[in-house]
Amino acid sequence: MAFDFKKEYKAFYLPPASPTVVDVPPMDYIAVRGSGNPNDEGGAYKASIELLYGVAFTLKMSKMGDHRIAGYFDYVVPPLEGLWWSGQGEVDYAHKEEFQFISMIRLPEFVTREEFDWAVGEAARKKKKDFSSVEFFHYEEGLCVQCMHVGPYDAEPATIEKMRQFAAQEGLSIAFDERRRHHEIYLSDPRRTAADKLKTVIRYPVAR
């Protein structure tokens, strides 16, 4: 059976609907940076997703080609994630055109930077597309408050307010900086899931 990150690391991918504290270990990602409204057809965000999955599936299918990766194990491609901010601060839902983002897909531990570079080049060769904006991204997230949000993306502020109240009750302060951002993990495909049933992990960095 293929290794499924969501099932093996439930604390990070399947939190309860009420806020909890989690200490997230460092992880490596496939990543693409951009800006703009994520709902724009033909916009930077949707283009970034195509690039991410192009590299992610090149790595997953490497066992079937000439390039074999040491330590490879069969796995389910992890869910799409994103870091979001507006200007230098928190996400401003009223002005989505000002969103900044880093779209991400987690890399399995066996993928080195060398293997990552091979996959980017291989994806570009096969798809005849420019993958130069795709980067190897190491993220040290640390202590966070997180919560499962169920419903439309535009309804997230209510869940975030619950997270803020919980953090304050626990003696924690929200700790955004130039690296630790509003973090979302998308467990549902919006093309196949009703808006009121979308499941999204929301994670905020905090400090004691």
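Which residues do ring pairs link into a cluster? They are Phe3, Phe5, Tyr9, Phe12, Tyr72, Phe73, Tyr75 and Phe110.

## About the model

This is a predicted model, where local features need pLDDT of at least 70 and side-chain atom pairs count only at pLDDT 80 or more, while totals for chains, interfaces and linings use all residues. Residues are numbered from 1 along each chain as its sequence is written, and side-chain values use heavy atoms, with hydrogens and water left out.

## Aromatic pairs

The whole structure holds 21 aromatic pairs. Rings of Phe, Tyr and Trp (its six-membered ring) pair if their centres lie within 6.5 Å; planes under 30 degrees apart are stacked, over 60 edge-to-face, and the rest tilted. Tyrosine 45 and phenylalanine 101 make an edge-to-face pair, 5.3 Å centre to centre, with 85° between the planes. Tyrosine 45 lies in helix 3 (residues 44–60) and phenylalanine 101 in strand 4 (residues 99–106), so this pair ties together parts 56 residues apart in sequence. Helices (H or I, at least four residues) and strands (E, at least two) are DSSP runs, numbered from the N terminus. Both tyrosine 45 and phenylalanine 101 are buried. Buried means under 20% relative accessible area, exposed means over 50%, and partly exposed lies in between (1.4 Å probe, protein chains only).

Phenylalanine 73 and phenylalanine 110 have ring centres 5.0 Å apart and planes at 80°, so they are edge-to-face. Phenylalanine 73 sits in the loop between helix 3 and strand 3 (80–86), and phenylalanine 110 in the loop between strand 4 and helix 4 (113–127). The pair therefore ties together parts 37 residues apart in sequence. Phenylalanine 73 is partly exposed, at 28% relative accessibility. Phenylalanine 110 is buried, at 10%.

## Charges over rings

The charged end of lysine 60 sits over the ring of tyrosine 75, 5.4 Å from its centre. The charged end of arginine 106 sits over the ring of tyrosine 9, 4.9 Å from its centre. The test is that NZ of Lys or CZ of Arg is within 6 Å of the ring centre and within 35 degrees of the ring normal.

## Strand 6

Strand 6 (residues 142–150) has seven of its nine residues buried, so the rest of the structure largely encloses it. What does strand 6 pair with over five bridges? Strand 1 (residues 20–24) does, in the antiparallel sense. Two strands pair if DSSP finds at least two bridges between them. Threonine 20 has glutamine 146 in strand 6 as its bridge partner.

Strand 6 also runs antiparallel to strand 9 (residues 199–207), joined by seven bridges. There, cysteine 147 has isoleucine 202 in strand 9 as its bridge partner.

## Strand 8

Five of the five residues of strand 8 (residues 182–186) are buried, so this strand too is largely enclosed by the rest of the structure. In a regular strand, side chains alternate between the two faces of the sheet. His182, Glu184 and Tyr186 point one way from strand 8, and His183 and Ile185 the other way.

Strand 8 has antiparallel partners. Four bridges join strand 8 to strand 3; tryptophan 84 has histidine 182 as its bridge partner. Four bridges also pair strand 8 with strand 9. Isoleucine 185 has valine 201 in strand 9 as its bridge partner.
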